[in-house]
Amino acid sequence: MYKLIILVESTADPSFSDNWPKFLHQAESIPGLRREATCRVNQVLFGDLPCALIHELYFDSYAALQFGLASVPGKEAGRLLQEMTRGRVRLLLADHTEDDLENIRKYRNEERDAKSQTGRA
């Protein structure tokens with residue numbers, strides 16, 4: 001899975017609030033979009049990253065992401081994003097994998113069991 005990560009420096013400009021629903025409508029029309037997530041940043045714990053909002057758009061593959069961003073809704077979403085942030089935005093493309101805690105714990109238990117069996121032999 002691949003995702004477009006949008007880092008918005010500030011949401012304080014009134015035009016941002018006015019255009020955010022329009023942006024979401026366009027982004028949600030991008031072909032190949034599988035899901036999206038929005039995070040409002042409360043605090044940067046370490047480092048120098050001016051960021052008020054993170055928005056992520058998920059696609060099945062890098063090719064699907066490229067195709068979606070090149071589409072009419074993708075281009076319009078990009079235009080709106082640039083307009084409402086006045087260019088104070090960073091865009092990242094990332095290969096995305098995730099695991100749930102239940103599976104992680106299962107792996108840790110299997111690993112612990114294997115070590116204990118090796119110690120007995």
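## The sheet

Strands S1 and S4 run antiparallel and are joined by 7 bridges; two strands pair if DSSP finds at least two bridges between them. Within this pairing, Ile5 stands opposite Leu92 in S4. Strands (E, at least two residues) and helices (H or I, at least four) are DSSP runs, numbered from the N terminus. The structure is a predicted model, in which local features need pLDDT of at least 70 and side-chain atom pairs count only at pLDDT 80 or more, while totals for chains, interfaces and linings use all residues. Residues are numbered from 1 along each chain as its sequence is written, and side-chain values use heavy atoms, with hydrogens and water left out.

S1 also runs antiparallel to S3, again with 7 bridges, and here Leu4 stands opposite Leu57 of S3. S3 (residues 53–59) in turn pairs with S2 in the antiparallel sense over 7 bridges; Ala37 has Glu56 in S3 as its bridge partner. Together, 4 strands make an open sheet with antiparallel pairing, in the order S2-S3-S1-S4. The edges are S2 (33–40) and S4 (89–95), each with a single partner strand, so one side of each has no neighbour in the sheet. On average, and with direction ignored, neighbouring strands of this sheet are turned by 15 degrees against each other.

## Helices on the sheet

Helix H1 (residues 14–27) lies across S1 (2–8), S2 and S3, and runs at about 10 degrees to S3. Helix H2 (residues 62–70) packs on the sheet as well, where it touches S1, S3 and S4 and makes about 50 degrees with the direction of S1. Such angles run from 0 to 180 degrees between N-to-C directions, with axes fitted as lines to C-alpha atoms, for helices over the stretch in contact.

Of the 7 residues of S1, 6 are buried (under 20% relative accessible area; exposed is over 50%, partly exposed in between; 1.4 Å probe, protein chains only), so S1 is largely enclosed by the rest of the structure.

Trp20 is in contact (heavy atoms within 4.5 Å) with Thr38, Leu53, His55 and Met84, not counting residues up to four places away in sequence. Trp20 also forms one aromatic cluster with Phe16 and Phe23.

## Single residues

Leu69 belongs to helix H2 and counts as partly exposed, at 28% relative accessibility. Apart from its neighbours within four places in sequence, Leu69 is in contact with Leu4, Ile30, Gly74, Lys75 and Leu93. Leu69 and Arg112 are 43 residues apart in sequence and 45 Å apart in space, C-alpha to C-alpha.

Arg86 lies in the loop between H3 and S4 and counts as exposed at 60% relative accessibility. Its phi is near 55 degrees, a positive value in a residue other than glycine. Another arginine, Arg35, lies over the face of Tyr58, 4.0 Å from the ring centre; a charge sits over a ring if NZ of Lys or CZ of Arg is within 6 Å of the ring centre and within 35 degrees of the ring normal.

How values were computed
Phe/Tyr/Trp six-rings, centres within 6.5 Å; stacked < 30°, edge-to-face > 60°.
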